[in-house]
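Subject: Structure handover

Hi,

Here is the structure for you to look over. My notes come after it.

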Amino acid sequence: MHHTDSNRWRTIDIVVASVIAVAFGVIFWAWGLVWSATEGAFAFFPPAQTLLYGVWLMPAVLGGLVIRKPGAALYCETVAAVLSALLGSQWAGTVIPQGMIQGLGAELAFAAFRYRSFRLPTALLAGALTGVGAALFDFLVWNAEYDLTGYRLPYALLTVVSATIIAGAGAWALLRALLTTGALDRFPAARARTPI
């Protein structure tokens, strides 16, 4: 009985997941401006711009690490995507299904460990799988017209690399930082202050 209960969302879970999602929705919107502004900088090898991509995938991993319940990764990433669309993302509504697919990627990683492992390797896997979701979506939706070997494949690979490092390791580091503030004291993450 206890285990099913632990998977049920509490009000505070919904509140904190929403705060994470809203914060990242605003960051997403701002990051879209950074993305557009840096396009010229990556003209020498456009796929290299995807090294910035991981920022868009962080809430999926962070949400999963903090809330530790089924649906958290998907919820945080999707709500952040919806908000960035409402704020006026230059990619409009397309970011919503994209966010869902990205969130699903991270969700699969946490599910693979039955929502019981939240160590760095799990975070890295969640980041990588979120990146795979993003890469697949972009491969089929945004980059369908581009050259396969010169653009689409390096873009997909670099997306996964960026996701693993920024979303995976980055969200995990952000979690450590948040734990020291005491903001997460009412979450399992705080009780499981296991050594790295």
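Below is what was found, from the whole chain down to single residues.

This is a predicted model, in which local features need pLDDT of at least 70, side-chain atom pairs count only at pLDDT 80 or more, and totals for chains, interfaces and linings use all residues. Residues are numbered from 1 along each chain as its sequence is written, and side-chain values use heavy atoms, with hydrogens and water left out.

Confidence

pLDDT is the predictor's confidence in each residue, from 0 to 100. Its mean over the chain is 91. Of the residues, 95% reach 70 or more. Among the elements, helix 1 (residues 2-6) has the lowest mean pLDDT, at 60. Helix 3 has the highest, at 97.

Overall build

The chain has eight helices and zero strands. From the N terminus the order reads α-α-α-α-α-α-α-α. Helices (H or I, at least four residues) and strands (E, at least two) are DSSP runs, numbered from the N terminus.

The radius of gyration is 16 Å, which agrees with the value near 16 Å for a compact globule of 196 residues. That radius is taken over C-alpha atoms, and the globule rule is 2.2 Å times the number of residues to the power 0.38. Along its principal axes the C-alpha trace spans about 50 × 30 × 30 Å.

Of the 196 residues, 44% count as buried. Buried means under 20% relative accessible area, exposed means over 50%, and partly exposed is in between (1.4 Å probe, protein chains only).

Take contacts between residues at least 6 apart in sequence: 74% of them join residues at least 24 apart. Contact means heavy atoms within 4.5 Å.

Surface and charge

Helix 3

In helix 3 (residues 58-67), 10 of the 10 residues are buried, so the helix is largely enclosed by the rest of the structure. Met 58, Pro 59, Gly 63, Gly 64 and Ile 67 are among them. These buried residues pack against helix 2 (11-38), helix 4 (72-87), helix 5 (95-112), helix 6 (120-140), helix 7 (148-181) and helix 8 (188-191). Arg 68 follows the helix and has a positive phi, near 60°.

The loop between helix 5 and helix 6

Two residues here deserve a look. Arg 114 is in this loop. Its phi is positive, about 55°, although Arg 114 is not a glycine. Tyr 115 lies in the loop between helix 5 and helix 6 as well. Phi of Tyr 115 is also positive, near 55°, and this residue is not a glycine either. Which of them is buried and which exposed? Arg 114 is exposed, with a relative accessible area of 55%. Tyr 115 is buried, at 18%.

Helix 7

Ser 162 sits in helix 7. Ser 162 is buried, at 2% relative accessibility. Beyond its neighbours within four places in sequence, Ser 162 contacts Thr 50, Leu 51, Leu 52, Tyr 53, Gly 54 and Ala 167.

Ala 169 belongs to helix 7 too. Ala 169 is partly exposed, with a relative accessible area of 28%. Setting aside neighbours within four places, Ala 169 contacts Leu 120, Leu 124 and Thr 164. Its C-alpha is 21 Å from that of Gly 182, 13 residues apart along the chain.

Leu 179 is in helix 7. Leu 179 is buried, with a relative accessible area of 7%. Leu 179 and Ala 189 are 10 residues apart in sequence and 7.7 Å apart, C-alpha to C-alpha.

Helix 2

One residue here. Ala 23 is found in helix 2. Ala 23 is partly exposed, with a relative accessible area of 37%. The C-alpha atoms of Ala 23 and Leu 125 are separated by 23 Å, with the two residues 102 apart along the chain.

Best wishes
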